[in-house]
Amino acid sequence: MAILDRLTGLASPSVALRRAIQLSENGKPTEAFPLFATAARAGIGNAEYRVARCYLEGSGVPPSRAEGTRWLRRAADHGSADAQALLAALYVTGMATAEADKGSESDRLFVEDTTSEPDFASALGLATKAAEAGSATGQALLGYILTSGPEPMRDADAAHKWYERSAAAGCAEGNLGFALSLARRGLPADRARIADEVRRAADDGLPTAIYLLAILTEHGLGVIGDLAGAARLYQTAAEKGLPAAQFRLGLALIDGTFVDQDLMAGEAWMRRAALAGNSEAAYLLGDRNVKSRPPDFSEAATWYRRAAEAGHQTAARALASLYLTGNGVARDEQEGTRWLRTAASCGNRAAQVDLANLVLQGAGEPDDTASVAGWFEAAAFSGDLIAAFNLGLCFAKGVGVRQDEGQAAQWLRRAAEGVAEAQYMYARILRDGRGVAADGQQARAWFAEAADGGVLDAQVALAEMLLNGGGGKRSPEHAVQLFERAAADGHAGAMFALGALHSSGEGVSVDHMAAQKWFAAAAERGHGQAQLMLGRYLSKGLAGEHNPAAGRLWLERAAVQGFQEAADELAEFASD
């Protein structure tokens, strides 16, 4: 047979082509390729197309996308609709460029098979020629270009017609495209037709069609609902390597929704989906590791990073949190802020709030301040009360906008309708008369709202107004109750106030031991004035406990915080 093949190569190119096709069909690609090449060099379009396929598939010759593209171009120029359609597909996927066949043949030997940006312009012309020549594949591809290409190129009606022609010719890609085109029209009467077209494409083995048929079967859209059947379809599409199906199957196995729960199998499918580029699968794997007992923050960071790098906003925010807290990764405020900025710039509202809080605390970069104010302004005008609160803080502190206490008051008042912290901030503005006329009565009312909302500082501020009669009648007894509630929740200022009240007997009976107890509690939490009072009590034995050494220690701590009275009393110690 080898002698026959050599003789065939010396015969006419058409004879060489027929013999090559026969050898190829008999599973002998290595013997077929030289004969295909002989016919191709003679300019036979079908042979050029087959040589291109050999190079692209590595059949009988080492694979080379560059050489495959060059031979496809020659076949396309000679009118091969199959070559036109395949070359157009390579342009659409960025696996070939219009420059691929330029240069000398020796130059092309060293061309690497790289992927570039899609070339829809070149693809459109080739797909149009193939479609008009009757290629069902070309018709489906043309429908795709007219649907998903650059905006000026799109024509939904024309795409629909080409998909329909391709589907009628039995092309699986045409069936799928026609089904999706019908779905975009949103007519309930088309549901059965959509399901039928999807089933045709699925029967031909298209993974995406199998996955879509699984969705239709799961929800009973255009077909009879069948959860077990849907599970089988998801499994088939997943085994064919479709990441979306792997994710859906993994999720179903983990949750046990319409298949028996199998956590190990579910996570395995989820991992396959994530490694294949499904960002939602990667994010959920990260989340599962965070919520596991005990949490595995290091593993979570790996999956969050994979999802974040694929553009998953929530994963980027979660990864930022790990960097800012040092869980699973080395604590790195700069890296954490970078990931917050990534999520925030893509519109993730929670990340915008987190980044804004960092910026308000002095972190971030100079450009962040302008971005923060812009995000909050747009959201605040749409009615977001949290955004209104943060915008108010921006105006109050001059972050990203000109400092304006009037604007700060306006936005904080709006946020106060539903944000307890805003109620507290607005009450302070009213109490102090910053940006608005001072109004003690309204300030007291807003402090009460915020206190009811759980803001400890608001409880203390309200207690102070009740104690001194600001904005209404004095009520020392009520003030003491509020101070005690806040102190029980760890508020150092409330503890100091209780110490002062027990020392003076206002609202409570004079009790120096109780006063010293509260001063000590506040002092241990770093309250400077409480440290001064505790030092004074201990050094002078005001509550019965006389301990000059301990008193001196607390006076020194108060002096470090800038309390001149403490420094003066320490000087008296030195002179004794």
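How many helices and strands are there in the chain? In this predicted model, the chain contains 33 helices and zero strands. The radius of gyration of the chain is 37 Å, whereas the globule rule gives 25 Å for 576 residues; the computed value is well over that figure, so the chain is more spread out than a compact globule. The C-alpha trace spans about 125 × 55 × 50 Å along its principal axes.

Further totals describe the packing and surface of the chain. Of the 576 residues, 44% are buried. Among contacts with a separation of 6 or more, 43% are accounted for by residues 24 or more positions apart. The accessible surface of the chain comes to about 27,800 Å², and carbon and sulfur atoms contribute 50% of this area.

Helix 31 was examined individually. Eleven of the 13 residues of helix 31 are buried, so the helix is largely enclosed by the rest of the structure. The buried residues are G528, A530, Q531, L532, M533, L534, G535, R536, Y537, L538 and S539. The list thus includes the charged residue R536 as well as G528 and G535. Helix 31 is followed by G541, for which phi is positive, near 65 degrees.

S166 is found in helix 10, which covers residues 156-168. S166 is buried, and its relative accessible area is 0%. When residues up to four places away in sequence are not counted, S166 touches A136, Q139, A140, C171 and G174.

V508, by contrast, lies in a loop, between helix 29 (492-504) and helix 30 (512-524). With neighbours within four places in sequence left aside, V508 is in contact with V480, L501 and H502. The C-alpha atom of V508 is separated by 63 Å from that of A310, and these two residues are 198 residues apart along the chain.

Definitions and conventions
Residues numbered from 1 in each chain as written. Predicted model: local features only at pLDDT ≥ 70, side-chain atom pairs only at ≥ 80, totals over all residues. Heavy atoms only, no water. Helix = DSSP H or I, 4+ residues; strand = E, 2+ residues; numbered from the N terminus. Rg over C-alpha atoms; globule rule 2.2 N^0.38 Å. Buried < 20%, exposed > 50% of the residue type's maximum accessible area, 1.4 Å probe, protein only. Contact = heavy atoms within 4.5 Å. Areas by Shrake-Rupley, 256 points an atom, 1.4 Å probe, with all protein chains shown as cover.
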